[in-house]
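Here is a short note to read beside the structure. Please keep the 3D view open as you go.

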Amino acid sequence: MITKIAHRGKLSQGQITRLGGLIAFVCGRTPYEHIMQDLYDNDFLINEKSEPILTNKGKNELNRLTAMAGLRPEHYADI
């Protein structure tokens with residue numbers, strides 16, 4: 001599936017997938033297992049008291065990808 005964002009060359013398919021996972025997480029939903037594992041593997045999420053939390057690196061990645069996609073944080077979360 002080619003999205004409009006990928007078609008215009010702003011985000012790769014991998015970046016779109018990661019962005020979707022980060023947005024789902026900050027909106028209180030659990031991303032698919034393979035996306036969640038990518039977020040852990042890249043230190044965007046860590047477990048604290050058995051609960052996943054977004055790290056500063058994760059917040060920076062979320063801001064970077066949303067800016068590349070032309071979104072603003074207030075469009076998807078209160079962060």
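In which sense do strand S1 and strand S2 pair, and over how many bridges?

1. Start with the strands. This is a predicted model. S1 covers residues 45-48 and S2 covers residues 51-54. The two pair in the antiparallel sense, over four bridges. Look for Ile-46: the residue opposite, in S2, is Ile-53.

2. Next, the turn. The hairpin of S1 and S2 has two residues between the strands. Lys-49 has a positive phi there, near 55 degrees.

3. Now move to helix H2, residues 13-26. H2 is 14 residues long. From first C-alpha to last, H2 reaches 20 Å. That is close to the 20 Å expected at 1.5 Å a residue. After H2 comes Gly-28, with a positive phi near 90 degrees.

4. Which residues of H2 are buried? They are Ile-16, Arg-18, Leu-19, Gly-21, Leu-22, Ile-23, Ala-24 and Phe-25. Note that a charged residue, Arg-18, is on this list.

5. Then see how H2 sits against helix H3, residues 33-41. Two packed helices are described by the angle and the distance between their axes. Here the axes come within 10 Å and cross at roughly 90 degrees. Angles of 65 to 115 degrees count as roughly perpendicular, so H2 and H3 are roughly perpendicular to each other.

6. Finally, the contact itself. H2 brings Thr-17, Arg-18, Gly-21, Leu-22 and Phe-25. H3 meets them with Ile-35, Met-36, Asp-38 and Leu-39. By class, this contact of H2 with H3 has five nonpolar, two polar and two charged residues.

Conventions: Residues numbered from 1 in each chain as written. Predicted model: local features only at pLDDT ≥ 70, side-chain atom pairs only at ≥ 80, totals over all residues. Heavy atoms only, no water. Axes fitted to C-alpha atoms, helices over the stretch in contact; angles between N-to-C directions. Parallel < 35°, antiparallel > 145°, perpendicular 65-115°, else oblique. Contact = heavy atoms within 4.5 Å. Pairing = 2+ DSSP bridges. Expected span 1.5 Å × (residues − 1). Buried < 20%, exposed > 50% of the residue type's maximum accessible area, 1.4 Å probe, protein only.
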